[in-house]
Amino acid sequence: MDNTSKFPLVVIIGGGFGGLEVAKKLADAPVEVLMLDKHNYHTFQPLLYQVATGSLEAESIAFSLRKNFSGQKNFRFRIAEVSAIDSENNLLDTTIGPIAYDYLIIATGSTTNFFGNKEIERFAMPMKSIPEALNLRYLILQNLEEAVRTTNKDDRAALLSFVLVGAGPTGVELAGSLAELRNHILTKDYPELQKEEMKVYLVDFLPKVLGPFSDEGSNAAKEFLTGMGVEVLLNMKVESYDGKEIKFEGGKSIKTRNVIWSAGVMGVVPEGLSKDNLERGNRIRTDGSLRLNGYNNIFAIGDVAAMITDKTPKGHPGVAQVAIQQGQHAAKNILHILKGQPTEVFEYNDKGSLATIGRNKAIADLGKLKFQGFFAWLIWMFVHLISLLGFRNKIVVFINWVGSYFSNNGGTRLIIRGFKREELSKKDEQVSVPD
């Protein structure tokens with residue numbers, strides 16, 4: 001794809017939080033902007049867990065990238081996957097052919113990190129995208145249906161045991177959501193089951209839940225979870241999972257058909273870049289201006305980037321605010337370059353951390369201000385609602401939340417298509433297939 005414009009072409013790989021901000025900030029700049037993504041929508045990842053448990057429909061947390069930029073004259077979008085970067089010739093190898101660029105923004109985000117354990121990768125469920133969240137929803141609902149039918153107590157126990165590995169915000173929020181499903185919905189939808197039969201475990205090798213949060217917030221989250229009936233297992237390292245039993249170092253094991261993995265992430269990096277530029281977690285090392293070391297026109301932002309400095313020896317946390325601020329800063333630095341001005345060093349403004357455990361239960365660490373419980377829950381709802389793209393999505397999500405709050409029975413929990421795991425020897429991927 002050739003750029004026939006007289007303006008330089010800025011290519012953005014990825015339509016996540018960071019990519020959106022770059023494109024928006026360049027709206028009135030003397031550049032052409034081309035965004036590439038394998039989906040034609042932006043995913044609001046913080047609410048994926050509600051899609052997985054059937055509280056929200058997938059469309060309510062997704063928004064068309066084309067529609068979002070419909071009024072921006074210098075913006076174009078293509079559905080494409082980038083397989084390689086030819087930095088010497090400023091070319092991208094993509095599924096729609098080669099694409100030349102003048103400036104490149106790598107905002108490819110992250111994917112689930114199974115730390116090289118292929119067996120766990122085959123049988124545990126990730127949740128980093130809408131298709132993965134829907135696969136998880138269908139697996140949960142199918143196993144509940146199977147639990148109703150089975151007469152074998154051991155099989156029923158395994159079908160009704162849910163193990164979440166990773167006690168960060170994703171694991172905590174999903175554990176709380178599953179606990180609420182058990183406490184308020186299970187016996188309504190499945191009167192043949194008793195809520196005591198459904199077990200929810202939250203596991204982490206660290207000694208606390210919500211590791212990056214304050215001790216006050218972490219302790220409150222653990223109390224909320226245990227009060228809802230979640231069994232929190234800390235200082236536990238997973239050894240193996242074969243689809244039927246998860247084993248931990250030290251000898252403990254749980255028979256389960258439901259293991260959800262949120263114990264780590266790794267950057268999604270196209271081929272072609274020097275391996276010397278990769279940091280732990282497959283993230284791309286950048287300088288202070290967010291450019292790749294050794295490259296003048298390639299930037300990396302968000303989860304895929306690692307800006308290593310004395311202040312950030314491990315890079316910045318993989319949260320939306322980092323991606324948003326880095327996207328804005330990368331766009332600003334491109335404008336500086338175009339004007340012949342020096343680039344500026346990125347400084348992250350930490351606006352705080354939020355996590356919800358369930359109805360009236362959330363944690364808000366906002367600098368020196370720390371809240372737990374109902375007020376934190378209101379803050380969490382407000383921040384997530386205003387951050388959603390699209391007025392319709394905001395209204396739909398708000399109505400769903402209000403309905404769930406007053407009825408304790410929100411969501412539809414429909415099995416639109418079946419989910420089946422391919423045999424271990426046939427395929428490495430988990431796929432959804434039509435019934």
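1. The model is predicted, so local features are taken at pLDDT of at least 70 and side-chain atom pairs at pLDDT 80 or more, while totals for chains, interfaces and linings use all residues. Residues are numbered from 1 along each chain as its sequence is written, and side-chain values use heavy atoms, with hydrogens and water left out.

2. UniProt, in an unreviewed entry, places the feature "domain: FAD/NAD(P)-binding" at residues 10-327, an annotation that may be inferred rather than shown by experiment. The end C-alpha atoms of this span lie 13 Å apart, and 29% of the span is helix and 26% strand (DSSP runs, H or I of at least four residues for helices and E of at least two for strands, numbered from the N terminus).

3. Strands β23 (residues 353-358) and β24 (residues 361-366) run antiparallel and are joined by five bridges, where pairing requires at least two bridges found by DSSP. Ala355 stands opposite Ile363 in β24, and the two residues between the strands complete a hairpin in whose turn Asn360 has a positive phi of about 65°.

4. On its other listed pairing, β24 is joined by four bridges to the antiparallel strand β25 (residues 369-372), with Leu366 partnered by Leu369 in β25. This hairpin also has two residues between its strands, and Gly367 in the turn has a positive phi of about 65°.

5. Ile395 lies in helix α11 (residues 391-407) and counts as partly exposed because its relative accessibility is 37%, between the limits of under 20% for buried and over 50% for exposed, with a 1.4 Å probe and protein chains only.
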